[in-house]
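Here's a quick tour of a sheet, some charge pairs and a surface patch. Have the viewer open while you read.

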Amino acid sequence: MKIDNFNFKDHKAIVRVDFNVPLDENGNITDDTRIRGALPTLKKILADGGSLIIMSHMGKPKGKVNPKLSLSQIKDAVAKALGTDVQFADDCAAAADMAAALKPGQALLLENLRFYPEEEGKPVGIDKEDPAYDAAKAEMKKRQKDFAKTLASYADVYVNDAFGTAHRKHASTAVIADYFDADHKMLGYLMEKEVNAVDNILNNIKRPFTAIMGGSKVSTKIGIIENLMDKVDNLILCGGMTYTFARALGGHVGDSICEEDKLQLALDIIAKAKAKGVNLVLGVDCVAGDKFSNDANTQICSVMEIPEGWEGMDAGPKTRELFANAIKGSKTILWNGPAGVFEFDNFTAGSRAIADAVVEATKDGAFSLVGGGDSVACVNKFGLADEVSYVSTGGGALLEAIEGKVLPGVAAINA
Ligand code: AMP
């Protein structure tokens with residue numbers, strides 16, 4: 001079912017959102033992007049005349065009640081954002097009466113789902129090596145189904161709008177969907193947008209297609225790099241992985257971050273790009289610092305000749321130009337991971353050059369998707385989030401989707 005085609009009047013809808021918002025030490029929300037992201041779905045349900053049961057996780061309480069991670073702290077902010085009162089159920093697995101009493105237009109927020117180990121479905125307090133682990137896991141899977149069934153019993157419609165956890169097969173993100181038929185389960189608007197954005201990148205490519213992969217390590221990006229290799233015209237690899245490639249090619253990288261056990265992998269990537277006709281763009285020069293700090297002394301040097309005691313911390317001027325030229329004229333762009341230690345103001349130039357080129361290409365008609373962990377913080381830092389086509393809210397979920405994996409949260413709705 002598509003959310004736009006469903007009238008929630010007189011229905012009770014249970015909606016999985018991602019309200020895992022950052023809080024300061026006094027429990028105040030420091031960034032409400034995730035709450036704002038879910039509003040179109042939540043408001044549609046209330047405006048149709050449905051009643052709303054909102055569920056989410058917060059942090060990693062590991063199956064135990066932890067007041068610091070209580071969703072009661074955000075109840076008022078959710079009410080304000082929705083423009084209506086929100087009730088709170090302080091035990092998410094014992095909220096049947098409160099859910100049953102909801103009238104059309106009323107909303108109920110459930111306590112943190114992860115206060116129950118059943119949400120994640122992983123056995124607690126037992127080591128994977130323990131001979132009893134498999135039995136404990138099977139037992140927990142059974143309990144997970146019961147937990148999902150309890151949550152499902154609160155409502156007659158299930159909506160999943162939590163893209164951030166769509167790559168997890170948890171009670172509230174996937175298992176619960178088994179208790180609703182195809183006409184009574186659907187993706188929320190945020191999930192639809194995210195899934196369409198990934199679809200544009202993977203299946204609706206306008207060429208040239210340029211992927212920019214940065215961040216700290218090649219090892220965490222290899223799955224995506226391999227999947228993209230069959231699709232892209234230009235592949236820019238930047239950030240900390242630059243130095244693993246430079247080392248693999250015989251360079252001296254000083255104290256730069258370098259994965260010595262991934263040198264062969266780097267050479268394989270280079271060979272694969274050549275064989276597939278992909279234009280692989282690697283950094284040639286860098287801004288090196290004499291300590292990992294914003295006030296480090298700096299020098300520009302070749303990535304192949306970084307002196308001992310110095311480490312590559314940002315893309316150098318020649319590299320920035322190479323990157324910008326590859327990005328300019330692209331019609332599809334994916335950017336994941338910064339080109340340097342952008343958290344330090346003195347090492348933002350590489351990421352900034354990429355951001356500016358992506359914005360320019362977007363103005364010229366490219367579809368640009370920025371997402372996954374730090375790249376979002378990076379475009380936000382530059383104030384450019386509104387000037388790219390789409391900024392994904394998903395970290396791990398986005399990366400797994402781009403790797404070509406089917407997300408359990410999406411598969412459960414389509415099953
Ligand atoms: P990731 O989570 O893998 O996307 O990595 C993001 C992190 O990579 C950011 O915190 C950056 O500061 C870091 N990073 C980028 N370039 C470098 C570099 N040359 N050396 C060390 N860290 C880097």
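In this predicted model, N234 sits opposite N279 of β10. The strands involved are β8 (residues 234–237) and β10, which pair in the parallel sense over four bridges. Zoom out and you'll find an open sheet of six strands, ordered β10-β8-β7-β15-β16-β17, with parallel pairing. Its edge strands are β10 (279–282) and β17 (390–391), each pairing on one side only.

How many of the residues of β15 are buried? Five of five, so that strand (residues 332–336) is mostly covered, buried meaning under 20% relative accessible area. T332, L334 and N336 point one way from β15, while I333 and W335 point the other way, and all are buried. On one pairing, β15 meets β7 (residues 209–213) in the parallel sense over five bridges, with I333 as the bridge partner of T210. β15 is also joined to β16 (residues 367–370) by four bridges, again running parallel, and here T332 has F367 as its bridge partner.

Now for the charges. The count comes to 18 salt bridges, and these are some of them:

| Pair | Closest N to O distance |
|---|---|
| D261 and K262 | 3.1 Å |
| E387 and K363 | 3.7 Å |

The E387–K363 pair links distant parts of the chain: E387 lies in the loop between α12 (374–381) and β17, K363 lies in helix α11 (residues 349–363), and they are 24 residues apart. E387 counts as partly exposed because its relative accessibility is 34%, whereas K363, at 66%, counts as exposed. Shared partners also join R114, E120 and K122 into one salt-bridge network.

Is R114 buried or exposed? R114 is buried, because its relative accessible area is 8%. D261, from the pair with K262, is exposed at 61%.

Finally, the surface. Which residues form the positive surface patch? They are K128, K137, K141, K145 and K169. K169 is in the loop between β5 (157–160) and β6 (185–187), and K169 counts as exposed because its relative accessibility is 58%.

Note on methods:
Residues are numbered from 1 along each chain as its sequence is written. This is a predicted model: local features need pLDDT of at least 70, side-chain atom pairs count only at pLDDT 80 or more; totals for chains, interfaces and linings use all residues. Side-chain values use heavy atoms; hydrogens and water are left out. Patches are made of residues with over 30% relative accessible area and no salt bridge: like charges are joined within 9 Å, nonpolar side chains (Val, Leu, Ile, Met, Phe, Trp, Tyr) within 5 Å. Accessible areas come from the Shrake-Rupley method with a 1.4 Å probe; for residues, only the protein chains shown count as cover. A salt bridge is a side-chain nitrogen of Lys or Arg within 4 Å of a carboxyl oxygen of Asp or Glu. Lys and Arg count as positive and Asp and Glu as negative; His and the chain ends are not counted. The place of a charge is taken as NZ of Lys, CZ of Arg, CG of Asp or CD of Glu. Helices (H or I, at least four residues) and strands (E, at least two) are DSSP runs, numbered from the N terminus. Buried means under 20% relative accessible area, exposed over 50%, partly exposed in between (1.4 Å probe, protein chains only). Two strands pair if DSSP finds at least two bridges between them.
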